[in-house]
Amino acid sequence: MSINETQEEIIAEFCSLDDWMDRYQLLIDLGNEQLPLDEQYKTDQNLIEGCQSRVWLQADEVDGRLVFQAESDALIVKGIIALLIKVLSGHTPEEILNADLYFIDRIGLREHLSPTRSNGLLSMVKQMRMYALAYKAKEGN
């Protein structure tokens, strides 16, 4: 499934819920569905800078595609990173770098987050793109 197809699925799922409390619950549920991150990846190196909560992000290259795993100590944040993983994991570095993550605004996520959470969301996206950039540069060698 393409990045945009996944985004459209997420938009449909969130837009079917009128109440933001229901949308927050969906985010929490998505976060709880994530497999726990292996303890070996909960390192300072994998902590995302700029997040108020602790968020660990691990990226591995598998057959030319990046596979992300993550965990957070905050329920909403765990759901946000789960959404980002759903959209970006399993794609090539090139696809990740070229992706327009329009679903964030279309589901109203950015406007319903506190400024610190919104900054954290941007930091998560930035870190995923940095991994993609690093793997793309590595491929070029």
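Colleague: At what angle do the axes of α1 and α2 cross, and within what distance do they come?

Modeller: This is a predicted model. In it, the axes of α1 and α2 cross at roughly 130° and come within 10 Å.

Colleague: Which residues of α1 and α2 meet, and how do they divide by class?

Modeller: From α1 come Glu13, Phe14 and Cys15, and from α2 come Arg23, Leu26, Leu27 and Leu30.

Colleague: What makes α2 roughly perpendicular to α3?

Modeller: The two helices pack at an angle of about 75°, their axes 7 Å apart. Since angles of 65 to 115 degrees count as roughly perpendicular, α2 is given that description relative to α3. The contact joins Tyr24, Leu27, Ile28, Leu30, Gly31 and Asn32 of α2 to Leu75, Ile76, Lys78, Gly79, Ile80, Ala82 and Leu83 of α3. By class, nine of the residues are nonpolar, three are polar and one is charged.

Colleague: How do you know that Gly31 is buried?

Modeller: Buried means under 20% relative accessible area. Gly31, in helix α2, has 0% relative accessibility and therefore counts as buried. Residues up to four places away in sequence aside, Gly31 touches Lys78, Gly79 and Ala82.

Colleague: Why is α1 called oblique to α3?

Modeller: The axes of α1 (residues 3–15) and α3 (residues 75–88) cross at roughly 140° and come within 8 Å. Roughly antiparallel requires an angle over 145 degrees, and roughly perpendicular one of 65 to 115, so α1 is oblique to α3. On the α1 side the contact is made by Ile3, Thr6, Gln7, Glu9, Ile10, Glu13 and Phe14, and on the α3 side by Leu83, Lys86, Val87 and Leu88. Six nonpolar, two polar and three charged residues take part in the contact of α1 with α3.

Colleague: What makes α3 largely enclosed by the rest of the structure?

Modeller: Of the 14 residues of α3, 12 are buried, so the helix is largely enclosed. Among the buried residues are Ile76, Val77, Lys78, Gly79, Ile80 and Ile81.

Colleague: How does the reach of α3 compare with the expected value?

Modeller: From first C-alpha to last, α3 reaches 20 Å, close to the 20 Å expected at 1.5 Å a residue. Just after α3, Gly90 takes a positive phi of about 90°.

Colleague: Which element gives the most to the largest nonpolar core?

Modeller: That core has 44 residues, and those with the most contacts inside it are Phe68, Leu84, Phe103 and Leu109. Two or more residues come from each of α1, α2, β1, β2, α3, α5 and α6. The element that gives the most is α3, with 10 residues. Phe103 is in contact with Gln7, Ile10, Ile11, Leu83, Leu84 and Val87, neighbours within four places in sequence aside.

Colleague: What covers the buried residues of α6?

Modeller: The cover includes β1 (55–62), β2 (65–72), α3, α4 (93–98) and α5 (103–106). The buried residues of α6 include Leu121, Met124, Val125, Met128 and Tyr131. Helix α6 (residues 115–140) has 26 residues and reaches 37 Å, close to the 38 Å expected.

How values were computed. Residues are numbered from 1 along each chain as its sequence is written. This is a predicted model: local features need pLDDT of at least 70, side-chain atom pairs count only at pLDDT 80 or more; totals for chains, interfaces and linings use all residues. Side-chain values use heavy atoms; hydrogens and water are left out. Axes are lines fitted to C-alpha atoms, for helices over the stretch in contact, and angles run from 0 to 180 degrees between N-to-C directions. Helices (H or I, at least four residues) and strands (E, at least two) are DSSP runs, numbered from the N terminus. Angles under 35 degrees count as roughly parallel, over 145 as roughly antiparallel, 65 to 115 as roughly perpendicular and the rest as oblique. Contact means heavy atoms within 4.5 Å. Ala, Val, Leu, Ile, Met, Phe, Trp, Tyr, Cys and Pro count as nonpolar, Asp, Glu, Lys and Arg as charged, and the others, Gly among them, as polar. The expected span of a helix is 1.5 Å times one less than its number of residues. Buried means under 20% relative accessible area, exposed over 50%, partly exposed in between (1.4 Å probe, protein chains only). A nonpolar core is a set of buried Ala, Val, Leu, Ile, Met, Phe, Trp, Tyr and Cys residues joined through side-chain atoms within 4.5 Å.
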